[in-house]
Amino acid sequence: MKGTKPRKVHEVEEINNFRELLEMLEEKYAPNIAYQYKKDIAAKSPEYIKKTYEQYIKDVKALSTSLLDLGLENKKIVVIGNNRYEWCTTYMAVTTGNMVIVPLDRALPDNEIETLIKKSEAEAVVFEEKYREVMLKLKNDSENNVEILINMDDQKTEKIKSYQKLLEKGYDLLEKGDTRYEDIEIDNNKMAVMLFTSGTTNLPKAVMLSQYNICSDVTSVSSFVKIQETDKLLSFLPIHHTFECTITFLYGMHGGATIVFCDGLKYIQKNLQEYKISIFVAVPVILETMYKKIQKGIEEKGKTKLINTMSKISNILSKCKIDLRKVLFKQVLKQFGGNLRLVLYGAAPMNRETIIGYNNLGIELVQGYGLTETSPVIATETDREKRPGAVGLVFDNVEVKIENPNQEGIGEIVVKGPNVMLGYYKNEEETNKVLKDGWFKTGDFGYLDEDEF
């Protein structure tokens with residue numbers, strides 16, 4: 001079924017490909033800070049770097065021009081590394097330059113990195129210094145297609161190119177009138193992103209996503225949950241994963257917000273405070289751990305009864321459209337930096353009491369559901385409609401069927417829409433198992449309640 005009620009909460013600018021995203025950013029948000037991070041996390045007095053959207057777009061065009069100059073148009077390019085500016089620039093330079101990006105998990109062991117790069121048939125790899133040895137080994141192996149190695153950390157050698165030097169060369173080419181980048185016409189519906197997933201088996205499958213797949217999803221999320229250009233998002237989940245990539249990176253950009261790169265898992269709370277983060281994209285295990293720490297702190301100060309009483313009062317007032325949570329729980333909210341207004345989460349179930357607990361404190365939690373194969377979001381709560389324990393409402397442009405439901409209405413979730421993948425790369429057998437007439441069998445089970453949650 002498709003939702004019978006129109007669910008679009010906010011009017012947003014629709015995008016069909018990443019070129020259109022960059023054009024929108026250039027027109028609406030050019031002076032905004034797009035990225036913020038520390039140059040050297042280990043330094044006693046680290047330098048804080050800020051990049052505007054204007055600078056980011058220029059870097060994307062220059063890097064893409066340089067990659068095209070290397071003869072990589074229509075080729076596949078792997079990117080592997082931490083969440084960082086160079087990763088985001090590479091992703092956009094590749095996709096807007098008519099190449100295919102293949103993001104790999106930075107935590108994979110060397111042998112799996114080698115296997116997936118061979119499987120992807122990539123001809124170039126953009127990587128961090130820590131992967132130097134495995135990349136050199138790959139380049140010397142005749143069983144794969146890798147010809148070009150690009151080091152984000154600029155440790156240039158005879159066999160490895162420098163990211164920075166390529167960026168500089170791209171600027172030089174543009175200055176001399178190179179129009180190869182501008183002349184490219186994007187095919188919205190062909191593979192632009194290849195993502196490896198185990199799916200329902202342990203054998204890695206390469207999911208093929210188009211720019212339209214992903215951009216339709218970004219537009220849908222934006223129409224359900226409003227992001228402000230004054231927002232700051234903390235990027236700490238692995239960025240190769242479609243949840244972090246679509247929601248923090250692409251959805252964050254679509255709203256003209258600032259993306260802040262986290263110093264590491266153990267610095268999440270510190271970064272929330274020092275950067276005054278307002279939107280946090282997380283998974284339940286992180287949120288539940290943080291909530292337990294808050295509760296423990298409240299208990300140790302002997303304020304459990306007081307907080308519970310204040311929660312009851314604020315809930316009564318909120319029914320009269322009076323929201324005093326930010327005032328009543330100011331001291332508790334300081335632990336999150338004082339600016340946190342919204343938490344977007346998914347990928348696993350979360351304890352219902354934890355959801356209610358955060359909302360009582362004035363931090364809105366919005367849950368979503370999806371898979372890599374659906375770019376990834378299928379359904380999410382909205383700014384205005386939430387139901388703790390449910391994964392949300394189906395997007396306007398997406399259809400969901402509950403197949404073979406039991407007496408309680410629970411059956412397999414089957415999805416159709418512009419966000420559904422093109423298929424698995426060179427794996428017709430597995431594709432045919434899950435895709436039929438445009439309908440994708442998720443392998444997950446659920447039901448729709450009376451309000452379509």
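**Figure 1. Lysine side chains placed over aromatic rings.** In this predicted model, the charged end of K401 lies over the ring of W439, at 4.1 Å from the ring centre.

**Figure 2. The stacked pair of F236 and F280.** The structure contains 15 aromatic pairs. In one of them, F236 and F280 are stacked, with ring centres 5.2 Å apart and an angle of 20° between the planes. This pair connects distant parts of the chain: F236 belongs to the loop between β10 (232-235) and α9 (242-254), F280 belongs to strand β12 (residues 279-282), and 44 residues separate them. F236 has a relative accessibility of 7% and therefore counts as buried. F280 also counts as buried, because its relative accessibility is 1%.

**Figure 3. The tilted pair of Y291 and Y358.** The rings of Y291 and Y358 form a tilted aromatic pair, with 5.2 Å from centre to centre and 40° between the planes. Distant parts of the chain are linked here, since Y291 is in helix α11 (residues 284-300) and Y358 is in helix α15 (residues 352-361), 67 residues apart. The relative accessible area of Y291 is 14%, so this residue is buried. Y358 has a relative accessibility of 1% and likewise counts as buried.

**Figure 4. A cluster of aromatic rings.** The view shows Y35, Y37, Y56, Y85 and F261, which ring pairs link into a cluster.

**Figure 5. The salt bridge between E26 and K61.** The model holds 28 salt bridges. One of these joins E26 to K61, with 3.7 Å between the closest N and O atoms. Because E26 lies in helix α1 (residues 18-28) and K61 lies in helix α2 (residues 53-69), the bridge ties together parts that are 35 residues apart in sequence. E26 has a relative accessibility of 41% and so counts as partly exposed.

**Figure 6. The salt bridge between K39 and E47.** The side chains of K39 and E47 meet in a salt bridge with an N to O distance of 4.0 Å. K39 counts as exposed, because its relative accessibility is 60%. E47 has a relative accessible area of 44% and is therefore partly exposed.

**Figure 7. The salt bridge between K137 and E114.** An N to O distance of 3.3 Å defines the contact in which the side chains of K137 and E114 form a salt bridge. K137 is exposed, as its relative accessible area is 51%, whereas E114 is buried, with a relative accessible area of 13%.

**Figure 8. A network of charged side chains.** Salt bridges link K38, D263, K270 and E274 in a network.

Technical notes
Residues numbered from 1 in each chain as written. Predicted model: local features only at pLDDT ≥ 70, side-chain atom pairs only at ≥ 80, totals over all residues. Heavy atoms only, no water. Phe/Tyr/Trp six-rings, centres within 6.5 Å; stacked < 30°, edge-to-face > 60°. Helix = DSSP H or I, 4+ residues; strand = E, 2+ residues; numbered from the N terminus. Buried < 20%, exposed > 50% of the residue type's maximum accessible area, 1.4 Å probe, protein only. Lys NZ or Arg CZ within 6 Å of the ring centre and 35° of its normal.
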